[in-house]
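Student: I would like to learn how to read side-chain features in a protein model. Can we go through one together?

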Amino acid sequence: MRFPFAWKIAVATSALALLTTGASVYYIFSQARELTLAMMGARLKDIGGAGAYLFTAEDRAALASLRARVLANAPPLTAMPGLAEQANKAESVELLAPEFSAALMATPEFQRTVQHLRMVREGTTREVKPLHPLLTIHEMRKAALQQYPDGDIPEGALPSITYTYLYMAAPGYEKTGEYIIYLADGDYRPYDWDGDGKFDGENDNAGNPIGNMVPSPNPEMSRALVDGAPYATPDWSEDPWGVWVAGFVPIKNDAGDVIAVLGMDYDVRSDANKVAFIRNICIAVVVVAFLLAIGLAILMARYLDRPISKLREGAERVANRDFSAHIQVKNRDELGLLANAFNNMVTEIRQYAENMEELNSAFERFVPKEFLQHMGIENIVGVRLGDQVQREMTVLFSDIRSFTTLSESMTPKENFDFLNGYLGRVSPLIRSHNGFVDKFIGDAIMALFPRRADDAVENSIEMLSTVEDYNSKRARHGYPPIRIGIGLHTGNLMLGTIGEERRMEGTVISDAVNLASRLEGLTKKFGASILISEYSLGSLQNRDKVNARCLGRVQVKGKHEPVSVYEIFSADSPEQVELKNRTNAQFLEGLALFQSGKLGAALQVFQEIIRINPLDAAAAAYVHRLEIRRAARAQI
């Protein structure tokens, strides 16, 4: 689906408005949120600092005593392999025996510490009330519900800090604070909220006994232990019981060592709701701004759409090579100037394209476009000296037999007329079979077939058929017939450019080219029209549709190992095709005898083939060779 440019501008304008407004609002919101969190953290650290100040020297000594008793009675972690993993799985591990834990929590030192924690917590209540040393936060909430039975507890009736507690580093984790042990909790006593005698409800509190080890829930909790400095969580976290920001303030002894850390969980649900309300307002502002931007963009799009549509239509006509395009725009602004410039440009392009088409057509006569395509070059302008690429292709070499003798009987003009008449008939066949002519070498043709070897074989057969038709025409005008030989081989080629900067040409360099040329030369020796290498024959996809026979292994110039040569005789007369297929087994037998040195037996086989098919030139060639060898042996 085509999307008009004017509407793209409208969408872009709307998107830009949305982006800028959204980014600005988001920045303001994020700054407000960060400021709120920073203020909460600062408040927690201030409250924690005041709470830590409440611990007198005696309180700190009592706290140090509790710490020492926990460490003395807790089993060493090294003696309990897997204890840390157990804490991770169960979220907590009670290091102290229940009896010892209960006795320790009944001591004056522990109770005094808990009283301090409750003082810190209840000091954040806005309503000034007498201190309730024995009330847990759950008991305070239940009492508030009795006072406000409708459940609408006013803000400030309950402490802002819900939970206060003291903890220390687990043995072995003093440098990382990865695991902690709780020393005291403002709500250490279990509380059965629903009164069913069990601590399994959502609001039930099972208590947090002394010596309970847990993995540190956040990095700030650990850093307060390790660094000995106050920290607060940088963001709030949410669970079924509230939205929380936590603060941690270390309590030190006279030597400056951290005895324990005062932890405080601040219920910021009300503040979080206010931040969410501000977020919703910001979203509404962005939506309104976006809608206004869309309205303005629609008006602008309607104004721009008509002239831009005309320009687009004109550009499409030019893209489709319709250089008669001419547009009229009544606007007197930049769009009108653009339309005039477009019309002038199209006129110049039309003239340039006409010249370029003529020039490209002329270049294609000298440099095949297929050559450029395989080089990865779009047109002749992109050709550079030294460009090269490797491809597997089938090489075809064809040559007119006895052309030198034939040309001696013709004038230069007749020579050129003859060659152009012949080449004009066979060259189009190469293109029709997915090949292209790399070069003409006098009467010889070198062609490449990049797709498959079958194309080269089918082309060669059709070339012979075309030459037969050409000979019929020549005979009617009193000219002698011509014969051609074709050599085919498939292999890796290097296509590239050679020469120098002022004069270069495309060429093909490969052993496959040399072998195809040698095979074409062997057609004269065997009296065959088409010779193909073993590799090319084996790569044919339609091998069963080609009539072929092996002519033996031949030592070709430039090759260290003999090459198996095959004759394609599908273009022969039906009688010759039938006779060569009938004698193919005998021909193979004769080749085997010849190659094993049994010359007399081989001679008899080939003579028998000639008796059956007197026109078998390849068999006659072997008979001639064998008779020469037999005569040579007789003279020795």
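Student: Is Phe 587 buried or exposed?

Tutor: Some ground rules come before that. This is a predicted model, in which local features need pLDDT of at least 70 and side-chain atom pairs count only at pLDDT 80 or more, while totals for chains, interfaces and linings use all residues. Residues are numbered from 1 along each chain as its sequence is written, and side-chain values use heavy atoms, with hydrogens and water left out. Buried means under 20% relative accessible area, exposed over 50%, and partly exposed in between, with a 1.4 Å probe and protein chains only. Phe 587 has a relative accessible area of 0%, so this residue is buried.

Student: What share of the 636 residues is buried?

Tutor: Buried residues account for 43% of them.

Student: How many aromatic pairs does a search of the whole structure find?

Tutor: Rings of Phe, Tyr and Trp (its six-membered ring) pair if their centres lie within 6.5 Å; planes under 30 degrees apart count as stacked, over 60 as edge-to-face and the rest as tilted. The search finds 11 such pairs. One of them joins Phe 587 and Phe 606, edge-to-face, at 5.3 Å centre to centre and 80° between the planes.

Student: Where do Phe 587 and Phe 606 lie in the chain?

Tutor: Helices (H or I, at least four residues) and strands (E, at least two) are DSSP runs, numbered from the N terminus. Phe 587 is in helix H17 (residues 584–595) and Phe 606 in helix H18 (residues 599–612), 19 residues apart. Both residues are buried.

Student: Why is the pair of Phe 587 and Tyr 622 edge-to-face?

Tutor: The planes of the two rings are at 80°, with the centres 6.0 Å apart, so the pair gets that label. Tyr 622 lies in helix H19 (residues 617–635) and Phe 587 in helix H17, so this pair ties together parts that are 35 residues apart in sequence. Tyr 622 is buried, with a relative accessible area of 2%.

Student: Which residues form one aromatic cluster with Phe 587?

Tutor: The cluster also takes in Phe 526, Phe 594, Phe 606 and Tyr 622.

Student: Which charged end sits over the ring of Phe 587?

Tutor: A charge sits over a ring if NZ of Lys or CZ of Arg is within 6 Å of the ring centre and within 35 degrees of the ring normal. Over Phe 587 it is the charged end of Arg 549, 4.5 Å from the ring centre. Arg 33 is placed likewise over the ring of Trp 236, with its charged end 4.7 Å from the centre.
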